[in-house]
Amino acid sequence: MSIQEQVYRYPDANGRYGQFGGKYVPETLMNALIELEQAYETYRNDEQFQAEYKQLLQSYSGRPTSLYYAERMTKELCGAKIYLKREDLNHTGAHKINNTIGQALLAKRMGKKKVIAETGAGQHGVATATVCALLGLECKVFMGEEDMRRQRLNVFRMELLGAEVVPVISGTRTLKDAGNEALRYWVSNVTDTFYILGSVVGPHPYPMIVRDFQRIIGDETKRQIQELEGRLPDVCVAAVGGGSNAMGMFYPFINDLSVNLVGVEAAGRGVDTKEHAATMTLGTPGVFQGSLSYLLQDEFGQVQPAHSISAGLDYPGVGPEHAHLHASGRATYAPITDNEALDALQFMCRTEGIIPALESSHAVAQAIKLAPTMRQDELLVICLSGRGDKDVGTIMEVLGGNKHE
Amino acid sequence: MNNTVMNRMDAAFEKLKSEGKTALIPFITVGDPHIDVTLELLLGMEQSGADMIELGVPYSDPLADGPVIERASARALQNDITLRDSLQVAKKARERGANIPYVLFTYYNPVFQYGAEKLFKEMVDSEISGIIIPDLPLEESTPIREIADRYSIHLVPLVAPTSKERVQQIAQHGRGFIYCVSSLGVTGVRSSFAANIEQFLQEVRTATNLPIAIGFGISNAEHVRRFSSHCDGVVVGSAIVRQIEEALPLLQSPQTAQDGVLQICKFVRELKS
């Protein structure tokens, strides 16, 4: 049966999205995952839990975030009407907090006082450290040494918030290795520790839990665009590393087949080079960090290092539900290079006075390509997943922004 | 199972049982630091009292392993060691008279990319008796086990102190032996084992007729002795890989490699004492 003929209901009972997903973890973790699944099943339908989650999103994180008509950008591009879903206006500056609030509340309900997380760009780490401070939980964040260098400001923010940042010196010292190290630590401390995973990746039930806590992005967008335009958008564009902001944006639109869903992955120095993170474009199905999805790997299944100027997209895997949306054709995925993202970032700064995160700039770059090919009465929504303050150092390095020195 | 020749692993456990002995099962990472060293270690460790050997296939993201085995993996991968090399080195050892059973230790993705059918067929050819896949829990294992059964390759399951009510079901689907994880955590030398470890082993014992072996953190002769009275096999991994790491200056030069191998074999003999 094709996806058009049925209501979308994934994951199935085995944690699968079509052929993708599953639970490929050491036996030591299996009962913890089952326990998490059961707890989540209880609380996803618990009114008190949901009310507390919604209340914190509203009063603490500042939701709903606005759906902003980017008028100057629209006029410059002479095409579709462009809206920005302003996840950058969340507390801590990115969509990541939607998920960490949800999972930290879950941890508390499950009686776990210790929390761990992995982080790439540092946004998930900061969002985790933030809610742990808020809820009185002990917090350890695993971060690759290379990323700690690229994102020094976020390291300090986490420490300021009372979290311990654990440098990861294995492998490529980036997000993938931070994820490995968090899983290793969890195996050793599974009885008293809750792992707040930051993206729609990992073993079931994580991809589902993170998606459900991020769907607020799409739910709000759907309501807001109805209010503003009286109809659904024609295209939704979002950047994909692991894919949490994209999954949150896409999920409420999956059964609305008139809405084109476009994921944007990092092509780094180009898909014709070896330095990219274009998992959908160039990867093949493989098992990595707990689930079957697309993966950058060699013919013997060794994971290949990814590259992107954006630490948050510098990841050789991708969430299994995205793999399914890609394989089934419901969503399409496009690669954007480092340079295209940098150009888009500057374009947005100049036309809208908004500095987008490098991750989000990939989505902006794809929108810049798409909008002029669309009619002026068509609607394009960009998920502006985070703000770019954290990236200013990196951008200065690349653009040589020290003009006044 | 349709194979008329008894799996080498079953025969070994049966013989040891009749002699009232426990299998010493050293682990090495294939190709660390060189594939020729691996071959010499396979032969030398057998001479030094190993009853079975776990052949670790190097992997880029070994998330069940601690830093010692992770570094060994990285060294082997620098030499471009693949699953295919692991099969070939076993075959070469057989050609040179190796007799004890081998069990492959590999993460699932290399198996998935190689193709389970092809792998198990070639394992029969290399006379490798079983396979341990640390990131393939019971729920994901059925298709692989079905293929393995057809080739009389044992898909050896792991049980952990956190498995609790899962022990029964895992044991039921077990093949070859049941690999008991000594404590929470990744592979590597540690100072203590799970509380109630003996009770855990007893639970596993009552759940199965298969031999049971313990691994993760077993690092010296005293540990081997302690668990020999509870188990049919004792796996020593990181402690041996650490010996290899310490002997790297010797092992990396063809002139002195044999001295390095002898040093590691001495360690294996000491584990037996």
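Me: What should I know about the numbering and the model before I start reading?
Reply: Residues are numbered from 1 along each chain as its sequence is written, while chains are lettered from A and ligands numbered from 1 in the order in which they are written. This is a predicted model, in which local features need pLDDT of at least 70, side-chain atom pairs count only at pLDDT 80 or more, and totals for chains, interfaces and linings use all residues, and side-chain values use heavy atoms, with hydrogens and water left out.

Me: How do I describe two helices that pack together, and at what angle do α4(A) and α9(A) pack?
Reply: Two packed helices are described by the angle between their axes and the distance between the axes. Helices (H or I, at least four residues) and strands (E, at least two) are DSSP runs numbered from the N terminus, and axes are lines fitted to C-alpha atoms, for helices over the stretch in contact, with angles from 0 to 180 degrees between N-to-C directions. Here helix α4 (residues 96-109) of chain A and helix α9 (residues 206-214) of chain A have axes 8 Å apart and pack at an angle of about 115°. Their crossing is right-handed; a crossing is left-handed if the near helix is turned anticlockwise from the far one by less than a right angle, and right-handed if clockwise.

Me: Which residues of α4(A) and α9(A) meet?
Reply: Contact means heavy atoms within 4.5 Å. On the α4(A) side we find Lys96(A), Asn98(A), Asn99(A), Gly102(A), Gln103(A) and Leu106(A), which meet Tyr206(A), Ile209(A), Val210(A), Phe213(A) and Gln214(A) in α9(A). The residues of this contact divide into five nonpolar, five polar and one charged, where Ala, Val, Leu, Ile, Met, Phe, Trp, Tyr, Cys and Pro count as nonpolar, Asp, Glu, Lys and Arg as charged, and the others, Gly among them, as polar.

Me: How do α3(B) and α11(B) cross?
Reply: The axes of helix α3 (residues 67-78) of chain B and helix α11 (residues 238-246) of chain B come within 9 Å and cross at roughly 50°. The two are therefore oblique to each other, given that angles under 35 degrees count as roughly parallel, over 145 as roughly antiparallel, 65 to 115 as roughly perpendicular and the rest as oblique. The crossing of α3(B) and α11(B) is left-handed, and by class their contact has four nonpolar, one polar and four charged residues.

Me: How do I read a sheet, and in what order do the strands of the six-stranded open sheet in chain A run?
Reply: In a regular strand the side chains alternate between the two faces of the sheet. Two strands pair if DSSP finds at least two bridges between them. In chain A, six strands form an open sheet with mixed pairing, in the order β3-β4-β14-β9-β10-β13. The edge strands are β3 (67-69) and β13 (331-337) of chain A, each pairing on one side only, and the twist averages 25° from one strand to the next. Inside the sheet, β9 (residues 235-239) and β10 (residues 260-268) of chain A run parallel and are joined by five bridges, with Val262(A) in β10(A) as the bridge partner of Val237(A). Helix α10 (residues 216-229) of chain A packs on the sheet, touching β3, β4 (81-86) and β14 (379-384) of chain A.

Me: Where can I see a hairpin in chain A?
Reply: β11(A) and β12(A) form one, with two residues between them, and Gln289(A) in the turn has a positive phi of about 45°. Five bridges join strand β11 (residues 284-288) of chain A to β12(A), and the two run antiparallel; Leu295(A) in β12(A) is the bridge partner of Thr284(A).

Me: Is Gly218(A) buried or exposed?
Reply: Buried means under 20% relative accessible area, exposed over 50%, and partly exposed in between (1.4 Å probe, protein chains only). Gly218(A), found in helix α10 of chain A, is buried, with a relative accessible area of 0%. Leaving aside residues up to four places away in sequence, Gly218(A) touches Gly248(A), Met249(A), Pro252(A) and Phe253(A).

Me: Is Asp272(A) buried or exposed?
Reply: Asp272(A), in the loop between β10 and α12 (279-282) of chain A, is exposed, with a relative accessible area of 72%.

Me: What does Glu140(B) touch?
Reply: Glu140(B) lies in helix α7 (residues 138-150) of chain B and is buried, with a relative accessible area of 10%. Not counting residues up to four places away in sequence, Glu140(B) touches Arg16(A), Gly22(A), Lys23(A) and Tyr24(A).
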